[in-house]
Amino acid sequence: MSLRIVVTVKYVPDATGDRHFADDLTVDRDDVDGLLSELDEYAVEQALQISENSDDDVEITVLTVGPEDAKDALRKALSMGADKAVHVEDDDLHGTDAIGTSLVLAKAIEKAGYDLVISGLASTDGTMGVVPALLAERLGVPQVTLLSEVSVEDGTVKGRRDGDAASEQLEASLPAVVSVTDQSGEARYPSFKGIMAAKKKPVQSWDLSDLDLEAGEVGLEGAWTAVESATQRPARTAGTIVKDEGEGGKQLAEFLAGQKFI
Amino acid sequence: MAEVLVYVDHVDGAVRKPTLELLTLARRIGEPVAVALGAGAESTAAALAEHGATRVLTHDASEYADYLVVPKVDALQAAVAAVSPAAVLVPSSAEGKEIAARLALRIGSGIITDAVDLEAGDEGPVATQSVFAASFSTKSRVSKGTPVITVKPNSAAVEAAPAAGAVEALAVTFSAQATGTKITGRTPRESTGRPELTEAAIVVSGGRGVNGAENFGLIEALADSLGAAVGASRAAVDAGWYPHTNQVGQTGKSVSPQLYIANGISGAIQHRAGMQTSKTIVAVNKDAEAPIFDLVDYGVVGDLFDVVPQLTEEIKTRKG
């Protein structure tokens, strides 16, 4: 038996940088450093753990859709221990929205071959959290999402989903799409050996024609949504700051009362 | 007037507040038609009618409780086919976003998530979103198909607007995918008696400065004096001082209350991403240089172990 895992990852602008929009109202990627979305590290980690706990041959492919620099995100995942990588890159992808991204990912996942897809719970830039569900819908396989615990055994994936109202135990047959939360387990740091090994691992590059997709199906032109404006919020006006000299709590209460919160 | 579908989030017939907010927003773009599914669906009708639902489409089947997400997508798709709405609005919970996404794909529509405001536009509803840790505000619309939009809690004030709210049975045929993911067990979360974090009008949070699980009692006491929900920073959650379900921030919950009180929280970008749209922000922190003070309407530089109990006492006194 063998198990083919595809981990979808995203290369995102660093949240500690000065993120802003370009003139076409897409995210400006030129002025901010990018990195592997932190939440996707948990997905890579769970793929590695499933592999380590399995008696089967497990092959882990990391997949991203993004510009040239997105290879950095793939390298990070490879240095953590993934086996190979696929980079979908095409100028016509610029401005692709979530529905379009799920189309490209689904085509690439099918082309790569899979038994299990693992995603993070959301990207740290768009933060929509819809791509795993969209992938399950497109691939026609069960979605087993937002798991804080995940295991795979005998062709079945099981996990725990912690919702607001209840904690649920889920179960589905493979193939399936899984997403994991930041509670699933701390992601490992790449070792020096892992970083060196990653340089020799294969990274395939596919463009739209490799996936039988037309330019008009993706990108800004093919987007299902349109951003009409993006306005930078004015900086908050400086608030009142007091030093506690014994009455800080009472002063704060006075402020809250003035604002009608008490 | 065009009809607008509103997906109802309810627990055994008790409608949750974000759905009532959605009904208010839905009335700006059409006549709200509510879709309530699962056990207790019909008992939602009175509350929904009181807040503007002209019709309430209901359906109950064991599939909604036994399988994840897809049965609800099937039902909503059936409702879209029956109503031909001008838009579909869904509360922005984790599950709500998943339902909305799959629905959008099926009906060939775009999706906008986490809207914080909604207005009618010439080419369909225009949604406001708050992005990049609330440093930008965008306005977007769905350009293909029937707009599917999820809306964050606290995006609109709940307004009563009595309407007919006629209950109608929705005919649903489940898809082959509906039974793909089985829910084999469910442990209800124990109620703390406090408001739900994402829906609360006031949130009181504790961070690294709280310095131990045992000290979170101080934060809870302040929260209780204000009828508030309790939040925690990632540092506090990772240290095991408070449950992950209460985590506010990029990898936790995003909150947008009327008042946010941060105690012993430095205000790292990841935390700010989850609370920066709060209307009034207050912080208590020993470190005068903490970035949280850049955000506050009122800040106290001081030891939370002195300030918070004094604040709690003062609130209790003032409230009598």
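With which residue does Asp115(A) form a salt bridge? In this predicted model, the partner of Asp115(A) is Arg4(A), and the closest N and O atoms of the two are 3.3 Å apart. Arg4(A), at 35% relative accessibility, counts as partly exposed.

The search of the whole structure finds 34 salt bridges over all chains. Another of these joins the side chains of Glu41(A) and Lys76(A), with an N to O distance of 2.9 Å. This pair also links distant parts of the chain, since Glu41(A) is in helix α1 of chain A and Lys76(A) is in helix α2 (residues 71–80) of chain A, 35 residues apart. Glu41(A) is buried, with a relative accessible area of 17%, whereas Lys76(A) counts as partly exposed at 28% relative accessibility.

In chain B, a salt bridge of 2.6 Å, N to O, is formed by the side chains of Asp74(B) and Arg106(B). Asp74(B) is located in helix α4 of chain B and Arg106(B) in helix α5 (residues 94–106) of chain B, and the two are 32 residues apart. With 4% relative accessibility, Asp74(B) counts as buried.

The side chain of Glu45(A) is joined to that of Gln49(A) by a polar contact of 2.8 Å. In an α-helix there are 3.6 residues a turn, so residues three or four places apart point the same way. When neighbours within four places in sequence are left aside, Glu45(A) is in contact with Met80(A), Gly185(A), Glu186(A), Ala187(A) and Arg188(A).

Helix α1 of chain B, which spans residues 17–29, is mostly covered, as 10 of its 13 residues are buried. Among these buried residues are Leu20(B), Leu22(B), Leu23(B), Leu25(B) and Ile29(B), along with Thr19(B), Glu21(B) and Thr24(B).

An open sheet is formed by 10 strands with mixed pairing, in the order β12(A)-β9(B)-β8(B)-β7(B)-β10(B)-β6(B)-β1(B)-β4(B)-β5(B)-β11(B). At the edges stand β12 (225–232) of chain A and β11 (166–169) of chain B; each has a single partner strand, so one side of each is left without a neighbour in the sheet. From one strand to the next, the twist averages 35 degrees. Strands of a sheet pair through backbone hydrogen bonds, in either a parallel or an antiparallel manner. Strand β1 (residues 3–7) of chain B and strand β4 (residues 31–37) of chain B run parallel and are joined by five bridges. Within this pairing, Val6(B) has Ala34(B) of β4(B) as its bridge partner. Helix α4(B) lies across β1, β4, β5 (55–59) and β6 (87–91) of chain B, and runs at about 170 degrees to β1(B).

Some backbone features occur in loops. The peptide bond from Leu174(A) to Pro175(A) is cis, and its omega is near -5 degrees. Pro175(A) is placed in the loop between β9 (166–173) and β10 (176–180) of chain A. In chain B, Asp12(B) has a phi near 50 degrees, a positive value in a residue other than glycine. Asp12(B) is in the loop between β2 (10–11) and β3 (14–15) of chain B, and counts as exposed at 62% relative accessibility. Val69(B), also a residue other than glycine, has a positive phi, near 55 degrees. The loop that holds Val69(B) runs between α3 (63–66) and α4 (70–83) of chain B. Val69(B) has a relative accessible area of 1% and is buried.

Technical notes. Residues are numbered from 1 along each chain as its sequence is written. Chains are lettered from A and ligands numbered from 1 in the order in which they are written. This is a predicted model: local features need pLDDT of at least 70, side-chain atom pairs count only at pLDDT 80 or more; totals for chains, interfaces and linings use all residues. Side-chain values use heavy atoms; hydrogens and water are left out. Helices (H or I, at least four residues) and strands (E, at least two) are DSSP runs, numbered from the N terminus. Buried means under 20% relative accessible area, exposed over 50%, partly exposed in between (1.4 Å probe, protein chains only). A polar contact is a pair of N or O atoms within 3.5 Å; within protein, one must be able to donate a hydrogen and the other to accept it, and residues adjacent in sequence count only if both atoms are side-chain atoms. Contact means heavy atoms within 4.5 Å. Two strands pair if DSSP finds at least two bridges between them. Axes are lines fitted to C-alpha atoms, for helices over the stretch in contact, and angles run from 0 to 180 degrees between N-to-C directions. A salt bridge is a side-chain nitrogen of Lys or Arg within 4 Å of a carboxyl oxygen of Asp or Glu.
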